[in-house]
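Please look over the sequence and the 3D structure below. Then read on for a short report.

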Number of protein chains: 2
Amino acid sequence: MALSLTILGSNSALPTSDRYPTAQILNVSERFFLIDCGEGTQMQLRRNKVNFSKINHIFISHLHGDHVFGLIGLISTFGLLGRRKVLTIHAHQDLKVLLKPHLEYFVADLPYRIEFNDLTFDEPRVVYEDKKVMVESIPLSHRVPTCGFIFKEKPLQPNIQKQAIERFKLTVPEIVAIKNGEEFIGVDGLPVKRSELLHEPRKPLSYAFCSDTRYYRRIIPFITNVDLLYHEATFLHELKDLAKRTSHTTAKQAAIIAKDANIGKLILGHFSSRYKDKMPFLSEAKAVFDNVELVSDNQVYHLE
Amino acid sequence: MALSLTILGSNSALPTSDRYPTAQILNVSERFFLIDCGEGTQMQLRRNKVNFSKINHIFISHLHGDHVFGLIGLISTFGLLGRRKVLTIHAHQDLKVLLKPHLEYFVADLPYRIEFNDLTFDEPRVVYEDKKVMVESIPLSHRVPTCGFIFKEKPLQPNIQKQAIERFKLTVPEIVAIKNGEEFIGVDGLPVKRSELLHEPRKPLSYAFCSDTRYYRRIIPFITNVDLLYHEATFLHELKDLAKRTSHTTAKQAAIIAKDANIGKLILGHFSSRYKDKMPFLSEAKAVFDNVELVSDNQVYHLE
C-alpha cells in the first residue's frame with residue numbers, strides 16, 4: 001500500500017477508556033511518521049503492532065498536554081529497546097526546553113540522540129524531505145502556536161514495460177534514461193512513443209492533518225486537492241460560539257473546509273468528551289460534504 | 001467492603017498493550033489512595049470506573065518513569081474536571097522540582113492546589129493518618145531512593161449489641177462510654193461483662209505495597225502479618241544475578257519474604273516484558289508460599 005494512516009487517539013483533552021488523546025501513525029512509502037503523541041501513545045502503537053524502530057520522525061502540532069504527554073514515555077521506551085538511530089522531533093522550540101530536565105533525570109543514559117527541529121508558525125514550510133516524500137507544516141489558528149502537517153508523496157517514476165525491454169533489447173542505462181524522461185531512438189532511427197515503453201505511474205497521494213484549530217479558511221489553498229484530510233471537530237455546530245471561544249472547529253465548519261478545498265476524503269476527530277453519541281457529528285458534516293467518516297481509535301485508513 | 005485494591009498497571013518499565021506500567025488504586029474505608037502513576041493511569045482509572053474526585057492522595061514509590069509518567073496527564077485532567085480540593089502527592093522531593101515547569105506551562109490555570117509531601121528513605125515514617133486509616137512509608141532498596149507503603153486500618157470500634165440497649169436502657173453517652181472501653185455498672189451495682197454489651201470488631205486490615213526493590217529482608221519486621229502484600233517480581237529466579245544487578249526481586253525471593261513475614265496473601269507483579277508466559281512466576285512462588293497470585297491489569301482484590 002502507498003499510504004496508510006492508523007488512529008492511535010481520537011479524543012480531545014479528556015481521554016476516555018476507549019478514546020485516547022491525539023496521536024496518529026502514518027505510513028507513506030514505508031516512512032513511519034508519528035503525528036502528535038498524547039498520553040498512552042506507546043501502548044496504542046503496541047496494540048497496532050507498529051515496529052518502534054521504524055519511527056524516526058515525530059511531528060508535534062502544538063504544546064497542549066493532550067498532544068505531547070506521551071512523548072517522554074515513548075522516548076524512554078525507545079531507549080530501553082536499545083535504539084541507536086537519531087530521533088527527530090519537529091515541534092515548537094519550547095518543547096526541548098521543557099523536555100530537557102526530564103530527559104536528564106529519567107533517561108540520562110539514552111543510547112540514541114534526539115534532534116529537535118523547531119517549527120515556525122507564520123507560513124508554510126517544508127519540514128521533512130527525502131526522495132519519495134515531503135512534509136510541509138502549515139499555520140493553524142489555535143490558542144497557542146499550532147501547525148498542521150501535509151504529507152505528500154513526490155511524483156512517482158513510471159515503470160518500464162516488460163515487453164519493451166525484450167522488444168527493444170534495453171540495457172540498464174537505457175532503462176534509467178527512459179524513466180528519467182529521455183527519448184529512446186529505435187533501430188529505425190525514429191523516437192519510440194513513451195506509451196510503448198512505460199507504464200505511467202499513479203498519481204502521488206497526500207494526507208493533511210489539521211488539529212487543533214479554529215475554523216480557519218486560510219488553510220484552504222494549502223490543502224486543496226489532498227486525498228485525505230483529518231480535521232478536528234471538537235464540537236457540534238450548536239456550540240459554534242464555544243468553538244470560537246476555545247479556538248476549535250465544529251463538524252459543519254470542518255466539512256465546509258473539506259468541500260471548499262476539494263479534498264478526496266474527510267475524517268473527523270478530536271471530539272469533546274461531553275458527547276457520548278458521536279453520530280450527530282457525522283450527519284452534520286455529511287450535509288455539507290458526503291465523503292466523510294468519524295475516526296475511532298485503532299482504525300486504519302488505506303489509500304492506494 | 002473494607003479494603004479493595006484495583007490493579008491499574010502490572011508491568012515493569014516496558015508496557016505492552018495489555019499490561020500498563022505500575023499504578024494501583026486502593027480503597028480503604030472509602031479513602032481512595034492512588035499508588036504510583038505510570039503512563040496511562042487516567043485511562044485505567046476510567047476503565048475501572050473510579051470517581052476521580054475521590055482521589056486526594058497519591059503515593060509515589062520512586063522517581064523512575066514507569067511509576068510517574070502518568071502524573072502530569074492526571075493532574076491536567078483533574079483540572080479540566082473542575083477539581084477544587086487539594087491534591088497531596090507523597091513523593092521524593094525532586095518530583096516537585098521536575099513537575100514545576102510542566103505545571104506552569106501546561107496547566108497554569110489549575111483550579112486546585114497541589115501539596116507535595118516529601119518522603120524520607122531512611123526509616124519507616126507515618127505519611128498519612130486520619131481517624132480510620134494510617135499510611136506508613138518503609139525504605140526499600142532500589143537504584144534510586146524508593147519507598148514501600150503500608151496501608152493500615154486503625155483498630156475498629158466494637159458495635160453495641162441491640163439487645164443490650166433495650167436490656168440496660170442505655171443512653172447515647174453511655175453507649176459512647178462503653179465503646180470507648182469504660183465499665184458499665186448494672187442496676188445490681190456490679191459491672192456488666194463486655195461480651196454482654198458489645199460485638200467485638202473484626203481485625204483491622206492492612207495492605208503493603210513493595211515495588212521496586214531488590215531482595216531486601218529488612219522490610220520483614222515492618223510488613224509482618226499484613227493481610228495482603230504486593231511485591232515486585234521482575235524476574236524468575238534463574239535470572240537472580242540480573243535481578244541483583246538491576247535491584248529487582250525474583251518470584252522465589254518475593255515468596256520467601258511473604259513466608260518469613262507471615263503475611264496473609266501475596267500478589268506478584270512488575271513483570272519484565274521479556275516473559276510472554278507469566279505462569280512460571282506462579283509455580284516458582286507457590287513452591288515457597290502457597291497463597292499467592294499473579295496480578296493482571298484491571299484485577300480487583302477485596303478483603304473483608
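## Ground rules

This is a predicted model: local features need pLDDT of at least 70, side-chain atom pairs count only at pLDDT 80 or more, and totals for chains, interfaces and linings use all residues. Residues are numbered from 1 along each chain as its sequence is written, chains are lettered from A and ligands numbered from 1 in the order in which they are written, and side-chain values use heavy atoms, with hydrogens and water left out.

## Helix α4 of chain A

Start with helix α4 of chain A, residues 94-106. Helices (H or I, at least four residues) and strands (E, at least two) are DSSP runs, numbered from the N terminus. This helix has 13 residues. From first C-alpha to last, helix α4 of chain A reaches 19 Å, close to the expected 18 Å. The expected span is 1.5 Å times one less than the number of residues.

The helix α4(A) bends by about 35° at A:Lys100. Here the bend is the angle between axes fitted to the seven residues ending at a residue and the seven starting there. A proline, A:Pro101, follows within four residues.

Which residues of α4(A) are buried? They are A:Leu95, A:Leu98, A:Leu99, A:His102, A:Leu103 and A:Phe106. Buried means under 20% relative accessible area, exposed means over 50%, and partly exposed lies in between (1.4 Å probe, protein chains only). Their cover includes α3 (71-80), β5 (87-91) and β6 (114-118) of chain A. It also includes α2 (65-68) and α4 (94-106) of chain B.

## Where the chains meet

In chain A, 34 residues are in contact with 34 residues of chain B. Contact means heavy atoms within 4.5 Å. The two chains bury about 2900 Å² between them, 68% of it on carbon and sulfur atoms. Buried area is the accessible area (1.4 Å probe) that two parts lose on being put together, summed over both. A:Glu39, A:Met43 and A:Phe69 supply 23% of the area that chain A buries against chain B, more than any other three residues.

Across this interface, 14 residue pairs are in polar contact, both residues at pLDDT 80 or more. A polar contact is a pair of N or O atoms within 3.5 Å; within protein, one must be able to donate a hydrogen and the other to accept it, and residues adjacent in sequence count only if both atoms are side-chain atoms. On chain A, α1 (41-47), α2 (65-68), α3 and α4 each supply at least two residues of the side that touches chain B. Helix α4(A) gives the most, with six residues.

## Salt bridges

Side chains of opposite charge can pair when their charged atoms come close. A salt bridge is a side-chain nitrogen of Lys or Arg within 4 Å of a carboxyl oxygen of Asp or Glu. The whole structure has 26 salt bridges over all chains. Between chain A and chain B the count is zero.

In chain A, A:Lys203 pairs with A:Asp227, with the closest N and O atoms 3.0 Å apart. These residues are 24 apart and sit in two loops. A:Lys203 lies between β11 (198-199) and β12 (206-210) of chain A, and A:Asp227 between α8 (220-223) and β13 (228-232) of chain A. A:Lys203 is exposed at 54% relative accessibility, whereas A:Asp227 is buried at 16%.

In chain B, B:Lys96 and B:Asp118 meet in a salt bridge (2.8 Å, N to O). B:Lys96 lies in helix α4 and B:Asp118 in strand β6 of chain B, so the pair ties together parts 22 residues apart in sequence.
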